[in-house]
Amino acid sequence: MLGVKPLLLVTALFLLAACSMRGQPEPGASGSEIYAVAGCIACHGSSRDGASIAPSLHNLGSNWNVEELSMYLEDPSTWIEGSERMQKVDQSYTGTMPAFDNLDLQERQRLAAWLIAQD
């Protein structure tokens with residue numbers, strides 16, 4: 001069984017690999033295309049079910065609207081710092097949500113709208 005330090009190293013390497021898989025979507029890409037290209041699948045899964053590294057992305061509309069979620073995607077750490085609810089969510093998973101600074105506002109909005117519309 002792995003000790004805590006090797007486990008942290010493995011987790012860190014996984015996160016680096018996942019973040020390096022983030023690509024730039026084609027102009028006009030749909031929310032589902034952005035989800036795939038931006039690397040969301042690496043942590044949240046193709047069915048958005050989540051895992052030990054990241055939460056499920058089902059039922060997002062109960063806590064988010066498109067505007068808020070698109071702003072969160074731009075700078076998750078600021079939202080986490082300012083929200084007790086988000087701090088609890090963040091502490092429940094081994095991963096850290098990256099900033100999607102590779103996406104422009106319209107891409108983040110299309111992704112957010114698609115995620116919210118799924119459930």
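Gly-61 is partly exposed, at 44% relative accessibility (partly exposed lies between buried, under 20% relative accessible area, and exposed, over 50%, with a 1.4 Å probe and protein chains only). This is a predicted model, in which local features need pLDDT of at least 70, side-chain atom pairs count only at pLDDT 80 or more, and totals for chains, interfaces and linings use all residues. Residues are numbered from 1 along each chain as its sequence is written, and side-chain values use heavy atoms, leaving out hydrogens and water.

You will find Gly-61 in the loop between helix H3 (40-44) and H4 (helices are DSSP runs of H or I with at least four residues, numbered from the N terminus). Gly-61 and Ala-112 are 51 residues apart in sequence, with their C-alpha atoms 9.7 Å apart in space.

## Helix H4

Helix H4 covers residues 66-74, and its buried residues are Leu-69, Ser-70, Tyr-72 and Leu-73. Seen down the axis of H4, these residues fall within an arc of 155°, so they line one face of the helix (the arc is that of the directions from the helix axis to the C-beta atoms). They pack against helix H5 (76-81), helix H6 (84-91) and helix H7 (105-117), where contact means heavy atoms within 4.5 Å.

At the start of H4, the backbone nitrogen of Glu-67 has a side-chain oxygen of Asn-65 within 3.0 Å.

## Aromatic pairs

The whole structure has three aromatic pairs (ring centres of Phe, Tyr or the six-membered ring of Trp within 6.5 Å; planes under 30 degrees apart are stacked, over 60 edge-to-face, the rest tilted). One of them is the tilted pair of Tyr-35 and Trp-114, 5.4 Å centre to centre with 45° between the planes. This pair links distant parts of the chain, as Tyr-35 sits in helix H2 (residues 31-37) and Trp-114 in helix H7, 79 residues apart. Tyr-35 is buried, at 2% relative accessible area.

Trp-64 and Tyr-72 also form a tilted pair, 5.0 Å centre to centre with 45° between the planes. Trp-64 is buried at 10%, and Tyr-72 is buried at 9%. Together with Trp-79, Trp-64 and Tyr-72 form one aromatic cluster.

## Cysteines

How many disulfides does the structure hold? There are zero (a disulfide is a pair of cysteine sulfur atoms within 2.5 Å). For Cys-40, the nearest cysteine sulfur is that of Cys-43, 8.6 Å away. Cys-40 is buried, with a relative accessible area of 8%, and Cys-43 counts as buried at 18%.

Key. Helix = DSSP H or I, 4+ residues; strand = E, 2+ residues; numbered from the N terminus. Polar contact = N/O pair within 3.5 Å; in protein donor to acceptor, adjacent residues only side chain to side chain.
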